[in-house]
Amino acid sequence: MDETLNIQIIESKENQYIKLATLLHQRKGREQEGLLLLEGKTLVQEALKKNLDIKFAFVIDPSTLTEVDLPYDIQSFQVNEELMARIATTDSPPPIVAIAKIPVLEDSLKGVEQANLFLYLENISDPGNLGSIIRTAFAAGVRTIYLSPGSVDVFNTKTLRSSMGIAFYGPIKYIALEELIGKLKKHSRSLEILGTCPRTETNYNEIQFSPFKNILLLVGNESHGLSDSAKGLCTQLVQIPLVNDVESLNILAATSIILFGLRNNK
């Protein structure tokens, strides 16, 4: 054991820490333990920037600990590539995997009377899509991302990797749509609720918004779009005008186009 690096060697797949890491591959395990996996240098460094409570880390080469500036008081374990492949969910084992406490991504509606952009994702099923949308949405100026309770876990390892750690920046909250709209209306002077729909006559770029409104954009499931109940709660349904006989865009492209368009039109 290297006392300076606070590192121990693990050689058995039956080790309790190895078993804990594999348990966190599943949403049930993450919720049960209140912990998540951070796979790779980028996620570990982003977690450190946001002061996540990192419990311990696994590395193949101890020099990786210095590269990511992991504090010396965090317990670390050196493992071989075979064990790292068991710990991680990626096809190729990363140089480092850490285990951290799931953060609370606070959502405050104080000071949101007007001129805010919110995003609601209904029944998103692909974790990679969710991570990429999170990264894009916050880049476009979305104040809060809301997800239906049936959407994929934001702390899924693929979601975290796709978001490049931006998922730690929040706020992100799971909530039923009707409940969310009720809360936003209580705190908004005026609320516009837009729903994406490929079969509607209104193009998103034709809408003129008052700068005094809050905007809530609803985006539906990758395959089925918004539910009829969600559409019924919208003040307007919008589409993206397409040419060259292209019938649809993937969810990330469509969401990105509309979000940046809304930001520029406000």
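Predicted model: local features only at pLDDT ≥ 70, side-chain atom pairs only at ≥ 80, totals over all residues.
**Entry 1**

Next I asked which residues of α8 are buried. Helix α8 spans residues 177-187, and its buried residues are Leu177, Leu180, Ile181 and Leu184. Why do I place them on the same side of α8? They cover an arc of only 95 degrees around the axis, so they share one side of α8. Then I looked at the other side of α8. There I found Glu178 and Lys186, which are exposed.

**Entry 2: Asn203**

I moved on to a single residue. Asn203 sits in the loop between β9 and β10.

Is Asn203 buried or exposed? Its relative accessibility is 13%. The cut-off for buried is under 20%, so Asn203 counts as buried.

I then looked up what Asn203 touches. Leaving out residues up to four places away in sequence, Asn203 touches Gln239 and Pro241. With Gln239 there is also a polar contact: the side chains of Asn203 and Gln239 are joined at 3.1 Å.

**Entry 3: the largest pocket**

I turned to the pockets. The largest pocket holds about 590 Å³ of space. I counted 26 residues in its lining, and the closest to its centre are Cys197, Pro198, Ser248, Leu249 and Ala254.

Which helix gives the largest share of this lining? Helix α10 (residues 251-265) does, with 4 residues. I sorted the lining of the largest pocket by class. It has 12 nonpolar, 10 polar and 4 charged residues.

**Entry 4: the second largest pocket**

I repeated the search for the second largest pocket. Its volume is about 240 Å³. The lining of the second largest pocket has 13 residues, and the closest to its centre are Pro103, Val154, Phe155, Ile172 and Tyr174.

I checked which elements contribute. Both α2 (27-33) and β8 (172-174) supply at least two residues of this lining. Strand β8 gives the most, with 3 residues.

By class, I found 8 nonpolar and 5 charged residues in the lining of the second largest pocket. In the largest pocket, I had listed 10 polar residues.

How values were computed. Residues numbered from 1 in each chain as written. Heavy atoms only, no water. Buried < 20%, exposed > 50% of the residue type's maximum accessible area, 1.4 Å probe, protein only. Arc of directions from axis to C-beta. Polar contact = N/O pair within 3.5 Å; in protein donor to acceptor, adjacent residues only side chain to side chain. Contact = heavy atoms within 4.5 Å. 1 Å grid on protein atoms, 1.4 Å probe; cavity = no way out; pocket = protein on both sides within 12 Å on 5 of 7 lines; lining within 4 Å. Points joined across faces, edges and corners; volume = space filled by probe spheres on them. Nonpolar A, V, L, I, M, F, W, Y, C, P; charged D, E, K, R; others polar.
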